[in-house]
Amino acid sequence: MKTYYDPDDLGKFGTIGEEAPELAEKFFDWYGAVFAEGALTAREKSLIALAVAHAVQCPYCIDSYTNDCLNRGVSEEQMTEAVHVAAAIRGGASLAHGVQMKNIVKKLEL
């Protein structure tokens, strides 16, 4: 089945810096530092990344961090719960922006 997002493209991510190698190097160095063990474990960071990937709807990140989570011993139940947390925050943010709509309605009613 052909899709808009080709799963094989994930393996090509490293080529994104071919035309701007200095910037790519800085990004990949920073990215590596972000995911290094720190106050949060690499496992916790992977689970956060999976949830964020769903919130920003990046299919490549979803694939990558699903695999990474599995490799770090995260269960499907834990991943599913993290996705629900991301969905709740995204949904709540949409509703919170409803205040902007209400403000405009009230302004126009005057």
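**Residues, region and overall form**

Author: Ser46 has its place in helix H2. Please note that the model is a predicted one.

Reader: Is Ser46 buried or exposed?

Author: Ser46 counts as buried because its relative accessibility is 1%, and the cut-off for buried is under 20%.

Reader: Which residues does Ser46 touch, leaving aside those up to four places away in sequence?

Author: Ser46 touches Tyr65, Asp68, Cys69 and Arg72.

Reader: Turning to Gln57, where is it found?

Author: Gln57 is found in the loop between helix H2, residues 42-56, and helix H3, residues 59-71.

Reader: And is Gln57 buried or exposed?

Author: Gln57 has a relative accessible area of 55%, so it is exposed, the cut-off for exposed being over 50%.

Reader: How far apart are Gln57 and Ala24?

Author: Their C-alpha atoms are 22 Å apart in space, and in sequence the two residues are 33 residues apart.

Reader: A change of topic: what does UniProt list for residues 21-99?

Author: The UniProt record, an unreviewed entry, lists residues 21-99 as "domain: Carboxymuconolactone decarboxylase-like".

Reader: What are the helix and strand percentages over residues 21-99?

Author: Over residues 21-99 the chain is 82% helix and 0% strand. The end C-alpha atoms of that stretch are 44 Å apart.

Reader: How many helices and strands are there in the protein chain?

Author: The protein chain has 5 helices and 0 strands. From the N terminus on, its elements run α-α-α-α-α.

Reader: What is the radius of gyration of the protein chain?

Author: The protein chain has a radius of gyration of 19 Å, whereas a compact globule of 110 residues would have one near 13 Å. The C-alpha trace spans about 55 × 40 × 40 Å along its principal axes.

Reader: What percentage of the residues count as buried?

Author: Of the 110 residues of the protein chain, 15% count as buried; Ser46 is buried as well. The accessible surface of the chain comes to about 8,600 Å², and 62% of it belongs to carbon and sulfur atoms.

Reader: What about contacts between residues at least 6 apart in sequence?

Author: Among those contacts in the protein chain, 51% join residues at least 24 apart.

Definitions and conventions. Residues are numbered from 1 along each chain as its sequence is written. This is a predicted model: local features need pLDDT of at least 70, side-chain atom pairs count only at pLDDT 80 or more; totals for chains, interfaces and linings use all residues. Side-chain values use heavy atoms; hydrogens and water are left out. Helices (H or I, at least four residues) and strands (E, at least two) are DSSP runs, numbered from the N terminus. The radius of gyration is taken over C-alpha atoms; the globule rule is 2.2 Å times the number of residues to the power 0.38. Buried means under 20% relative accessible area, exposed over 50%, partly exposed in between (1.4 Å probe, protein chains only). Contact means heavy atoms within 4.5 Å. Accessible areas come from the Shrake-Rupley method with a 1.4 Å probe; for residues, only the protein chains shown count as cover. UniProt positions are given in the numbering used here, feature names are shortened, and annotations may be inferred rather than shown by experiment.
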